[in-house]
Amino acid sequence: MMRKLLVIGLVSWVVIAIVLLGSGGHSVLVRPGPWGIPLGNSVAWTGLIAFPAAQLLGLYHRQNRAADPRIDIFYTAAWGALSLSGAWGVLGYGLSGNWAFVFTPEAATFIGSAEAAAFFTYLTIATVTLPLLILILYLVYRAL
């Protein structure tokens with residue numbers, strides 16, 4: 001019970017922070033945080049990690065997997081989504097060449113170019129939709 005409350009509290013805090021800070025385009029989001037990462041990117045990265053982590057701690061918990069071993073498929077997929085979410089910032093840094101994820105069309109190399117920006121967009125879309133897809137498939141499985 002305590003674990004569920006902790007997960008719900010963590011996810012709620014992240015969602016509220018993202019909504020409050022992102023809705024107004026608050027100036028604190030562009031300030032550099034730890035390791036020079038802008039706070040807005042840190043908040044987004046935390047949100048991307050929080051969703052699959054909440055799935056792992058809640059839906060695919062050991063007790064649920066013991067009751068139905070087929071849930072291990074969703075558990076493994078959620079670990080993959082969590083790994084992708086954890087690597088999102090590092091991959092974004094590799095594509096943009098900076099922690100602000102700023103791309104310029106005039107870049108002489110692939111890093112920071114418009115083509116790299118397209119890859120970063122696809123990476124972000126995959127990072128957001130993968131945990132949602134896993135959750136939808138899990139809910140469909142449980143409904144059947």
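## Second largest pocket

By class, eight nonpolar, two polar and two charged residues line the second largest pocket. Here Ala, Val, Leu, Ile, Met, Phe, Trp, Tyr, Cys and Pro count as nonpolar, Asp, Glu, Lys and Arg as charged, and the others, Gly among them, as polar. The volume of this pocket is about 210 Å³. Among its lining residues are Arg3, Lys4, Phe51, Gln55 and Leu135. H1 supplies the largest share of that lining, five residues.

A pocket, found on a 1 Å grid over the protein atoms alone with a 1.4 Å probe, is an open set of points with protein on both sides within 12 Å along at least five of seven lines; lining residues have an atom within 4 Å of a point. Volume is the space filled by probe spheres set on the points, which are joined across faces, edges and corners.

## Largest pocket

The largest pocket holds about 280 Å³ of space. Its lining has 13 nonpolar, three polar and no charged residues. H2 contributes the most, with six residues.

## Glutamine 55

Glutamine 55 is in helix H2, residues 39–57; helices are DSSP runs (H or I, at least four residues), numbered from the N terminus. A polar atom of its side chain lies 3.0 Å from the backbone oxygen of proline 131.

## Basis

The model is predicted: local features need pLDDT of at least 70, side-chain atom pairs count only at pLDDT 80 or more, and totals for chains, interfaces and linings use all residues. Residues are numbered from 1 along each chain as its sequence is written, and side-chain values use heavy atoms, leaving out hydrogens and water.

Technical notes
Helices (H or I, at least four residues) and strands (E, at least two) are DSSP runs, numbered from the N terminus. A polar contact is a pair of N or O atoms within 3.5 Å; within protein, one must be able to donate a hydrogen and the other to accept it, and residues adjacent in sequence count only if both atoms are side-chain atoms.
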